[in-house]
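Morning, everyone. Have a look at the screen first.

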Amino acid sequence: MAIDTSSTLTPSPAPPGDGRLSGRAPLVLLVLCAAQFMVALDFSVLNVALPVLGKDLGMTQAGLQWAVTAFALPSGGFLLLFGRIADLFGRRRLFLTGLAVFGSASLIATFAWNQEVFLTGRALQGLGAAVIVPTGMSLLTTTFPEGPQRDRALGISGTLLSLGFTVGMVLGGVLTDTLGWRSTMGLLGGAAVLVLALAPGLLTESRHPGRQRLDIPGAVTVTGGLLAMIYALTTAAQRGFGHADVLVSLVLGVALLAGFVVIESRADTPLVSLPMLRRRTVAWGNLGGLITFSMMSTVVFVLTLYLQEVLHLSSFRTGLVFGVQGLASVAAGMAAPKVIGRFGARRTLVGSLLAQGLFIGALLGLGADSGVWLATAAVSVASMAHLGAIISYGLTVTSGVPDAEQGLATGLVTTTQQIGMTLGIPLLGVLATTGTDLFDGVWIVLGIAAAILVGTAVLVAAGLRSGSRDRGRTV
């Protein structure tokens, strides 16, 4: 089926092999990356503020968990659906709608007068994020042609995505201490308004021009399945797997996802192309992405506990540690396209996972009374490897995918990102906080994370090697 590219912004031509951006392309990239950064910020900016927020709104400990879960459920559950809707009905249109929903929801959360209103705002934030992330990524991959320009664009986007999570950890504490917890939500609302003001004049519409038909049964089953699984796993991390609601949600989630596979195998216009899921690059690339996001978010979380609760560092000094990590991430984002150009996306993905695991393993040398310098150096280098994994897995999954299916491909990529960032902390981070000794718990989590990363690197290498050879710079 022919693809209509007449309405898609094309960056000004650059010499072959040149990743420089010119014309309106840098501004387009700025808007798309700002939206991704804003969503990443939302994943962590509220964490430090939860105790204060709970006292202000009269929330119980279980209610505080819902402050996180209310965002995680829709943000992870609806990604594939909105990615496909964007392909069919317009990526720009849906992207702007998502910004409007996210901004309005942030304002609701900012001025919430009770926990019910606040949780409603958080759920709507998650819904807006589920629209922004896949549409923003598909606008990026359809705007910048495959090759050096897309490498650079994804490098910048991946850098800001990782940086947003880290900055949120630090900024949340600063804002809560100085302006109160409501300022964290107000910041997100202001950012959404700013991006929404700039986006219409820079983005042009792109969509699949063919028959606009949505696979409703597939959409219902995959969305319901993801919602059930995310709820079950996040709740089990706090309450255990023995609770009836956790078990029922797990069984329901597995049943719905199994039904989704059956439906897609028979649908004339499937929501997800099963042949795409059977591609080795898609399957193994997304596994690498899931692990790098979940392990890095977990490590940042437990290191924050270690620095503040074990070494008794102030919020300011802890912020400096993660500030160095942020600078290292920026440097890695700038260098990653050149590394990928030299070694290919698949080899870069494997090497990045391995390096991330080894340097997280180096954190096992931390002591109960010292370790600031080791923590700073090791987590910074691990973050550089994490950035290489983010960019290379996105390129591995989306390279060679036609524009008509970019929303689907990027929906898979961003679903992996969101689920990884959502589940890493509750599934592993909880091990650091439930034992009698926090330092021992942190040490155990770091060891598990390192082992998982190294093991995943080996699996991804074997899986990709058994497929076709790396045929080019971004393949």
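R182 comes out at 28%, so R182 counts as partly exposed. Keep in mind that this is a predicted model.

Now the salt bridges. How many does a search of the whole structure find? Two.

Take the one with R182. Its partner is D56, and the closest N and O atoms are 3.5 Å apart. D56 sits in helix α2, residues 50-57, and R182 in helix α8, residues 182-202, so this pair ties together parts 126 residues apart in sequence. D56 has 44% relative accessibility, so D56 is partly exposed too.

Next, D42 and R122. Here the closest N and O atoms are 2.8 Å apart. D42 belongs to helix α1, residues 25-44, and R122 to helix α6, so the parts tied together are 80 residues apart in sequence. Buried or exposed? D42 is buried, at 0% relative accessibility. R122 is buried as well, with a relative accessible area of 3%.

That brings me to Q125. Q125 is also in helix α6, which spans residues 115-143. Its relative accessibility is 0%, so Q125 counts as buried. What does its side chain pair with? The side chain of S106, through a polar contact of 2.9 Å. Leaving out residues up to four places away in sequence, Q125 touches D42, F71, F102, A105, S106, M185 and L188. Note D42 in that list: that is the salt-bridge partner of R122.

Key: Residues are numbered from 1 along each chain as its sequence is written. This is a predicted model: local features need pLDDT of at least 70, side-chain atom pairs count only at pLDDT 80 or more; totals for chains, interfaces and linings use all residues. Side-chain values use heavy atoms; hydrogens and water are left out. Helices (H or I, at least four residues) and strands (E, at least two) are DSSP runs, numbered from the N terminus. Buried means under 20% relative accessible area, exposed over 50%, partly exposed in between (1.4 Å probe, protein chains only). A polar contact is a pair of N or O atoms within 3.5 Å; within protein, one must be able to donate a hydrogen and the other to accept it, and residues adjacent in sequence count only if both atoms are side-chain atoms. Contact means heavy atoms within 4.5 Å. A salt bridge is a side-chain nitrogen of Lys or Arg within 4 Å of a carboxyl oxygen of Asp or Glu.
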